[in-house]
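Subject: Structure for your files

Hello,

Here is the structure I said I would pass on. Please keep it open beside the notes while you read.

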Amino acid sequence: MYNNMTVRYLEALVTEGTFTQAAKSLYISQPYLSKYITKLEEELKTSLVDRTHNPIELSYSGERYLLYMKSIQEQYDDMLNELSLITNLKKGRLRIGVQSLMGTFLLPMILPSFHEQYSEIEFKILEQSPKLTEQDIQESKLDFYLGLMPTNNENLSPIVLSQDRWCVIVPKTSALYQPGLKTIENFPYPLSILKNEKYVLTNHESGIRRQTNDFFKKLSIKADIVLESRNIYTVSALARNGIGLTFLPESALSEIESFDQYNIFYIDPKFIRVQYFIAYKKNKALSALELAFIEHAKKQLLIYSQI
């Protein structure tokens, strides 16, 4: 810990003019003060006090030393204040990696309310592929990875935040389309019928695509993929306009669906469901701020856990 007694001793010498008066003002003995200053001068290999002058003055070295020590003291005080703010969750920083196609609908559910509660917390959001995010977590360049299961990286500690329904968009061009249906209903056909459809999907780097691939694998479907895109909203818009079927979480649907020329169906959650997770570096000791963020994310996404 930084010791600010040196600044107090030198300032007392300047103010009082003698070792005797300075020691008296400091409530210490004159021999102790004299010995302290002498030992400090020996350590610094320079004279800090001009003892030939009456009253005593600091040497040029002493003046510079006191100036630097005051600057250090100010920085130290600032540090203590900031650490106190961090400890009390008044200040800090969170670095979050998220898939770009998920950040647009997942982060808005979490960050605004957290920022309202902890307004001085800084956020760094990095939208990139799961592979790069997992690497950045392992290298401690990011604090959290916010994504969608599955993730099988043994170097990460994932925490499931919530579950969401898995939906399929069926355009009018599909034989599965039901005219006039204006609500989201359970998928009314055997799942095996999906092997006959054409699909527009997100690319292989996305969590939604990995989920889709697992879904197809369970059904032994070799999908006829017409088009791929990195953006989930591009994919869903193309599906609504007839390019092919696509899958997405319920939370990624538009707030107001027109159901014009397309249906949306729920896939039975007993067969497949979406799991949102937050992950951090394995064996990392989480700070109070990080723990608070995890709990807040769980609370905000709780609505999607009631399946």
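Predicted model: local features only at pLDDT ≥ 70, side-chain atom pairs only at ≥ 80, totals over all residues.

Residues are numbered from 1 along each chain as its sequence is written, and side-chain values use heavy atoms, with hydrogens and water left out.

The sheet

Helices (H or I, at least four residues) and strands (E, at least two) are DSSP runs numbered from the N terminus. Five strands make up an open sheet of mixed pairing, in the order β4-β3-β5-β13-β6; two strands pair if DSSP finds at least two bridges between them. The edges are β4 (121-127) and β6 (156-164), each with a single partner strand, so one side of each has no neighbour in the sheet. On average, neighbouring strands are turned by 25° against each other, direction ignored. Angles run from 0 to 180 degrees between N-to-C directions, and axes are lines fitted to C-alpha atoms, for helices over the stretch in contact.

Going through the pairs, β3 and β4 are parallel and share seven bridges, with Arg 95 partnered by Lys 124 in β4. Strand β3 (residues 92-98) also runs parallel to β5, through three bridges; here Val 98 stands opposite Leu 146 in β5. On the other pairing, β5 and strand β13 (residues 274-281) are antiparallel and joined by four bridges. Tyr 145 has Ala 279 in β13 as its bridge partner.

Is strand β5 mostly covered or mostly open? Strand β5 (residues 144-148) is mostly covered, with five of its five residues buried, where buried means under 20% relative accessible area, exposed over 50% and partly exposed in between (1.4 Å probe, protein chains only). Phe 144, Leu 146 and Leu 148 are buried on one side of β5, and Tyr 145 and Gly 147 are buried on the other.

Helices on the sheet

Helix α7 lies across β3, β4, β5, β6 and β13 and runs at about 150° to β5. Helix α8 (residues 207-219) also packs on the sheet, where α8 touches β5 and β13. The direction of α8 makes about 40° with that of β5. Contact here means heavy atoms within 4.5 Å.

Helix α1 (residues 5-16) packs against helix α2 (residues 19-26) at about 125°, with the axes 8 Å apart. The two are therefore oblique to each other; angles under 35 degrees count as roughly parallel, over 145 as roughly antiparallel, 65 to 115 as roughly perpendicular and the rest as oblique. In the contact, Arg 8, Tyr 9, Ala 12, Leu 13 and Glu 16 of α1 meet Phe 19, Gln 21, Ala 22, Ser 25 and Leu 26 of α2. By class, this contact has six nonpolar, two polar and two charged residues. Ala, Val, Leu, Ile, Met, Phe, Trp, Tyr, Cys and Pro count as nonpolar, Asp, Glu, Lys and Arg as charged, and the others, Gly among them, as polar.

Helix α2 also packs against helix α3 (residues 30-44), at an angle of about 105° and with the axes 8 Å apart. α2 and α3 are therefore roughly perpendicular. Phe 19, Thr 20, Ala 22, Ala 23 and Leu 26 of α2 meet Gln 30, Leu 33, Ser 34 and Ile 37 of α3. The contact of α2 with α3 has six nonpolar, three polar and no charged residues.

Backbone and surface details

Most residues other than glycine have a negative phi, and most peptide bonds are trans. Which residues does a cis peptide bond join? The bond is between Asn 54 and Pro 55, with omega about 5°, and Pro 55 is in the loop between β1 (49-50) and β2 (57-58).

Lys 45 has a positive phi, near 60°. Lys 45 sits in the loop between α3 and β1 and is exposed, at 74% relative accessibility. Ser 140 also has a positive phi near 60°; its place is the loop between α7 (130-138) and β5, and Ser 140 is partly exposed at 39%.

Glu 57, in strand β2, is partly exposed at 39% relative accessibility. Leaving aside residues up to four places away in sequence, Glu 57 touches Val 49 and Asp 50. The C-alpha atoms of Glu 57 and Lys 284 are separated by 53 Å, and the two residues are 227 apart along the chain.

Regards
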